Amino acid sequence: MTTTRPETAFHWFLPTGGDGRRLGGSVHGTGIGATGGGSAAGAGERPATLAYLSQLAEAADDLGYEGVLTPTGAHCEDAWIVTAALIARTRRLKFMVAFRPGLVEPALAAQTAATFQRLSGGRLLLNVVAGGSGAEQRGYGDQLGHDERYARAEEFLDVVRASWTGESFDYHGKHYQLDGAQLRRPPEPAPRVYFGGSSDPALDLAARHADTYLTWGEPAPLVAEKIAGVRAKAEQQGRTLRFGLRIHVVSRDTSAQAWQAAEALIAGLDDAEIAAGQQRLQALESVGQRRMLELHGGSRDRLLVAPNLWAGIGLVRGGAGTALVGSHDEVAERIDEYRAAGVDEFVLSGYPHLEEAYTFAECVRPLL
């Protein structure tokens with residue numbers, strides 16, 4: 001018997017930390033996005049106003065993107081508040097809300113998700129982020145180390161999923177103690193859970209709890225290897241997962257134009273800014289971040305890490321640090337390679353996000 005693979009989903013990104021045409025010294029944990037890393041808007045910058053985010057969300061809705069990822073952290077606006085404000089501005093667009101277990105009680109998070117799901121007409125997706133920066137977590141009052149945060153995240157998701165059944169339950173774990181908990185109006189349907197991470201605790205947690213496992217844009221063979229490992233772990237749990245890739249795109253009519261646009265993104269960075277950014281990124285505990293850094297080693301001479309896969313964004317930006325760069329045909333070919341490697345969903349972005357959302361939807365998507 002043959003099975004039909006579900007249709008590939010394409011998501012976009014809401015730059016709630018600011019947007020712009022150039023990358024600056026902003027890094028994961030202290031600022032992701034345009035030049036200045038959270039400073040007052042300068043030339044070429046766009047602050048994350050409700051007007052701009054509404055414009056972008058409406059465009060993503062009209063262009064047919066499945067959803068928009070909204071990040072979490074000290075560098076950006078609160079994801080729940082931003083996306084709630086955008087529900088009425090959109091029709092079918094889903095909101096992939098990133099949030100961190102441990103900064104809110106799980107039963108309350110389950111209730112928040114249920115309310116959002118009802119008010120949006122079932123358009124909530126949850127991106128669970130255990131936290132890759134111990135320093136930033138401590139700034140929120142969270143003192144747990146890397147591995148312990150994943151153990152807590154597992155208990156958190158245990159409670160959330162139990163709450164979503166609508167049944168009364170008790171839960172007694174190391175991190176959470178609940179007696180007679182019950183969510184009287186559970187969400188329908190329950191939101192899909194997206195989860196990423198490259199450490200062993202992250203992979204194990206994804207296999208047990210994720211509906212879609214997310215990874216950053218490494219070369220396709222490495223992505224295929226990671227997907228195979230998580231799929232095997234999930235099968236041992238009797239579960240089937242979807243797999244997603246978080247990556248940027250720089251697509252133009254010709255390859256030369258695309259590479260010129262990519263170089264323009266980092267043209268304003270000097271060696272001191274790159275060195276400072278790399279030092280801050282290397283201090284993060286995230287295994288996935290370390291894998292991103294190893295692709296280029298902080299060198300401008302090592303940014304082409306695979307055909308059409310450029311690591312220039314990762315010189316100063318934390319998290320997803322690679323981009324597919326090339327003609328529309330070339331970008332489509334690389335996406336097909338990732339699909340062959342097992343990727344079901346793509347969470348894309350580009351600078352500036354409004355213009356690049358149109359470019360990908362109008363010029364690359366029809367080729368797929």
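Okay, some ground rules. Because the model is predicted, local features need pLDDT of at least 70 and side-chain atom pairs count only at pLDDT 80 or more, while totals for chains, interfaces and linings use all residues. Residues are numbered from 1 along each chain as its sequence is written, and side-chain values use heavy atoms, with hydrogens and water left out.

Let's start with helices. Two packed helices are described by the angle between their axes and the distance between the axes. Here, helix α1 (residues 50-63) packs with helix α12 (residues 353-364) at about 5 degrees, and their axes are 10 Å apart. So α1 is roughly parallel to α12; angles under 35 degrees count as roughly parallel, over 145 as roughly antiparallel, 65 to 115 as roughly perpendicular and the rest as oblique. Axes, by the way, are lines fitted to C-alpha atoms, for helices over the stretch in contact, and angles run from 0 to 180 degrees between N-to-C directions. Helices here are DSSP runs (H or I, at least four residues), and so are strands (E, at least two), numbered from the N terminus.

Which residues of α1 meet α12? They are Tyr52, Gln55, Leu56, Ala59 and Leu63, and on the α12 side you'll find His353, Leu354, Ala357, Tyr358, Ala361 and Glu362. Contact means heavy atoms within 4.5 Å.

Next, valine 160, over in helix α5 (residues 146-163). Is valine 160 buried or exposed? It's buried, at 4% relative accessible area; buried means under 20%, exposed over 50%, partly exposed in between (1.4 Å probe, protein chains only). Leaving aside residues up to four places away in sequence, valine 160 touches Pro106 and Ala110.

Last up, aromatics. Rings of Phe, Tyr and Trp (its six-membered ring) pair if their centres lie within 6.5 Å; planes under 30 degrees apart count as stacked, over 60 as edge-to-face and the rest as tilted. By that rule we get 10 aromatic pairs. Take phenylalanine 10 and phenylalanine 346: ring centres 5.4 Å apart, planes at 15 degrees, so they're stacked. Phenylalanine 10 sits in strand β1 (residues 9-13) and phenylalanine 346 in strand β15 (residues 345-349), so the pair ties together parts 336 residues apart in sequence. Both of these, phenylalanine 10 and phenylalanine 346, are buried.

Now compare phenylalanine 95 and phenylalanine 116: centres 6.2 Å apart, planes at 75 degrees, so edge-to-face.
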